[in-house]
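Let's take a walk through this structure, starting with its pocket and then moving on to the sheet, the helices and a few single residues.

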Amino acid sequence: MSTQFEAVIDIDRPIEDVFAYLADGRHDPEFSPRVLRIDKRPEGATQVGTVFHSTVKDAGMKSERDFEISEMTTPTRIRWREVSHNTITAREGGYDLEPTADGGTRVRLFNVLEGHGVGKLLLPFAAGAARKDAPAFGRRIKAAVEASAA
C-alpha cells in the first residue's frame with residue numbers, strides 16, 4: 001500500500017544553483033521543520049549511493065531515517081529511496097528541475113509513501129497531512145533556496 005504527494009514551485013535562481021542546493025540534503029532542516037539533524041555519508045560530492053542519515057520528529061515521535069541517492073542527472077533530476085525501516089517510509093522521492101523562460105527554475109518535488117505493519121493503518125493520515133502541507137513545503141523550499149543564494 002502506497003500513496004504519493006507532490007508540490008511544484010518556481011524558484012528565482014538558475015537551475016544549476018537550485019540543483020546544487022537540493023543535491024546537498026544537509027540543507028533539509030532549512031525548509032523541513034521535522035528534520036532535527038542530518039549527516040551525509042560519504043563526505044564529498046553527492047552522487048548515486050550517497051546516504052543522508054537524519055533524525056526527524058513526526059507526530060511527536062523521533063525516528064532515524066536513511067535516504068540513499070538512487071539517481072542523479074545534473075542539473076535536472078534527483079531521486080532517493082528510504083533504506084531505513086520505519087512504519088511509514090518514502091519508497092521513492094525526488095526532484096525534477098527545469099529552467100523557466102525568465103532564468104529561474106521550476107521544481108517538482110514528490111514522495112511515494114509506503115506503510116509497513118501498523119503503518120499501513122496510519123498511511124492515509126500521514127499522506128493526508130503530507131498532501132495538505134505540500135504547497136507550504138514548496139514555499140519553504142523556495143524561500144530557503146532563494147535565501148541561500150543571496
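Helices here are DSSP runs of H or I with at least four residues, strands are runs of E with at least two, and both are numbered from the N terminus. This is a predicted model, in which local features need pLDDT of at least 70 and side-chain atom pairs count only at pLDDT 80 or more, while totals for chains, interfaces and linings use all residues. Residues are numbered from 1 along each chain as its sequence is written, and side-chain values use heavy atoms, with hydrogens and water left out.

**The pocket**

Who gives the largest share of the lining of the largest pocket? That is α2, with eight residues. In total, 44 residues line the pocket, and Arg 34, Val 56, Asp 58, Arg 65 and Leu 113 lie nearest its centre. A pocket here is found on a 1 Å grid over the protein atoms alone: it is an open set of points where a 1.4 Å probe fits, with protein on both sides within 12 Å along at least five of seven lines, and lining residues have an atom within 4 Å of a point. The space inside comes to about 1,200 Å³, a volume being the space filled by probe spheres set on the points, which are joined across faces, edges and corners.

Sorted by class, the lining has 27 nonpolar, eight polar and nine charged residues. For that sorting, Ala, Val, Leu, Ile, Met, Phe, Trp, Tyr, Cys and Pro are nonpolar, Asp, Glu, Lys and Arg are charged, and the others, Gly among them, are polar.

**The sheet**

Seven strands make an open sheet in the order β1-β7-β6-β5-β4-β3-β2, with antiparallel pairing. Two strands pair if DSSP finds at least two bridges between them. At the edges sit β1 and β2, each pairing on one side only. On average, neighbouring strands are turned by 20° against each other, direction ignored. For such angles, axes are lines fitted to C-alpha atoms (for helices, over the stretch in contact), and values run from 0 to 180 degrees between N-to-C directions.

Now for two of the strand pairs. β5 (residues 77–82) and β6 (residues 88–99) run antiparallel and are joined by four bridges. A hairpin of five residues links β5 to β6. Within this pair, Arg 79 has Gly 94 as its bridge partner in β6, and Trp 80 stands opposite Gly 93 in β6. β6 also pairs with β7 (residues 105–115), in the antiparallel sense and over eleven bridges. There, Glu 98 is partnered by Arg 106 in β7. Five residues lie between the strands in the hairpin of β6 and β7, and Gly 103 takes a positive phi near 90° there.

**The helices**

α1 lies across β1, β3, β4, β5, β6 and β7, running at about 165° to β6. α2 lies across β1, β6 and β7, at about 10° to β1.

Buried means under 20% relative accessible area, exposed over 50%, and partly exposed in between, using a 1.4 Å probe and protein chains only.

| Residue | Relative accessible area |
|---|---|
| Ile 11 | 1% |
| Phe 110 | 5% |
| Asp 66 | 18% |

Ile 11 is in strand β1 (residues 2–11). Its contacts (heavy atoms within 4.5 Å), leaving aside neighbours within four places in sequence, include Val 18, Gly 104, Ile 141 and Val 145. Ile 11 and Gly 138 are 127 residues apart in sequence, yet 9.7 Å apart in space, C-alpha to C-alpha.

Phe 110 belongs to β7. Leaving aside neighbours within four places in sequence, Phe 110 is in contact with residues including Phe 5, Arg 79, Trp 80, Gly 93 and Gly 94.

Asp 66 is in β4. Not counting residues up to four places away in sequence, Asp 66 touches Arg 41, His 53 and Arg 81, among others.

**Two cis bonds**

Most peptide bonds are trans. Arg 41 and Pro 42, however, are joined by a cis one, with omega about -15°, and Pro 42 is in the loop between β2 and β3. Another cis bond joins Thr 74 and Pro 75, with omega about 0°; Pro 75 is in the loop between β4 and β5.
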